[in-house]
Amino acid sequence: MANKTSLKTEFTKGLFKENPILVTMLGLCPTLAITVSLENALGMGIAFAFVLLMSNIVVSLIRKIVPSEIRIPVYIVIIATFVSIVEMLMAAYLPSLSDSLGVFIPLIVVNCIVLGRAEAFASKNGVLPSIMDALGMAVGYTMILALIASIREILGSGTLTIWGSLVLDINKLFGSNETLPIFSSFFISPAGAYLVLGIIFGVVATIRISKERKQKMLEKKAEEEKKAKLLQEKNNQQLNLNKGAGE
Amino acid sequence: MVKQKAIKYGIFLCVLGIIVGVLLSVVNAITKPVIDNYEKEKVNNLLLDYNDTYDWNDSDITDSIENLHPQILNVYAGKLNGEEVVRVYKVQTTGYSSGAIVSMIYIENNKIMKVSIVSTTSQTKGVGSKVEDLSYLKIYEGKSCSEYNNDVAQNHNNKSVDVISGATVSSRGVISAVIIACTEHLSGE
């Protein structure tokens, strides 16, 4: 029975430690393509979360009755079903978002993160850990999508829009009704997506390396202290022995 | 043994397929009327945007036209004082990366009056979406339909004109739509 601590670990690992974009570097194609606006990123995140959560639940529930030889086609059918459902729901109730995300909603079927979590986690674990895993991965994925989209939207047009309403307009803050020359549509283009993603990867790698170095230094320091302590104890013992022999 | 396994797997996949089919048809039954309504509303708005003095009630005449080009999705007829004055063709063509462009071509007295885009899918953002640019779509306005007849289009090298730089394939999708609509319109005359 999964306890609270392990459930929490299953959730938090997807946020940073095993973040699907930053660490495992999966699902980069939609990450680069749809992050032209924060609205798109959040919409994609919601669709992705629904598909991942539902497929993890179903795969986990039927894991004991699925023959291992045909597990991959079964997982694909399950994932495709939920993608079709989310596609129909979006087209019906969020048509503008559905139009702007276009082909990237049906493409969730072949998103390596969803199939990866079904194969690597949900097929080997119970329903509750699978739910937590899906939620963690979905939040981690959406968080990074939103970060990239916000950077690209701000640098590209100086504005930030969510659900059709403008939440930030840097151009107006500087008293301009037009896009300021410091903002370039380059960041909205695919090349801009690569650049922003590359910089984020670079920053994350730098943080991770410095953390690892710090950890190594701490370990080395602890080892040296341990060695010094042992040497000190040995010296004390020798001193005591010498004292005893002298008396 | 192998045969038994194959049958077992086959039955498993069939059962899964049936369950999935039922689930999807239920969701489709719920969402289809909403999607159809939205599409209808979108087209109605475009028709009214073209000319709100025309009568667009029961304007969909698709079923009454025989041997319609397969890429023409719908045909609408706008009326004024009970007489048909404009015919609108809703055409689906292919843009970049096999993405579909659905456009509406408004023809009055064999002249192209307007071209508008209903939807584009999988067009490269910022490049392919240039086809929705009004100034680009305006180049067709006022041109005679015979200029875009299929036979004329085949004889003339239309590759050099009417194509947006950087969105070549996408704008070719719009040209194809105009040619299809004009050819259909002239054949029905």
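A salt bridge is a side-chain nitrogen of Lys or Arg within 4 Å of a carboxyl oxygen of Asp or Glu. I looked for salt bridges across the interface of chain B and chain A and noted one. B:Lys5 pairs there with A:Glu69, with the closest N and O atoms 3.2 Å apart.

The model is predicted, so I noted its limits: local features need pLDDT of at least 70, side-chain atom pairs count only at pLDDT 80 or more, and totals for chains, interfaces and linings use all residues. Side-chain values use heavy atoms, without hydrogens and water, residues are numbered from 1 along each chain as its sequence is written, and chains are lettered from A and ligands numbered from 1 in the order in which they are written.

**Interface.** I looked up the contact (heavy atoms within 4.5 Å) and found 18 residues from chain B and 20 residues from chain A. The buried area is the accessible area (1.4 Å probe) lost by two parts on being put together, summed over both. For chain B and chain A I noted about 1900 Å², 79% of it on carbon and sulfur atoms.

**A:Thr35.** I placed A:Thr35 in the loop between helix H2 (28-34) and helix H3 (38-61) of chain A; helices are DSSP runs (H or I, at least four residues), numbered from the N terminus. Is A:Thr35 buried or exposed? Buried means under 20% relative accessible area, exposed over 50%, partly exposed in between (1.4 Å probe, protein chains only). A:Thr35 is buried because its relative accessible area is 0%. Residues that A:Thr35 touches, not counting those up to four places away in sequence, include A:Pro30 and A:Leu145.

Conventions. Helix = DSSP H or I, 4+ residues; strand = E, 2+ residues; numbered from the N terminus.
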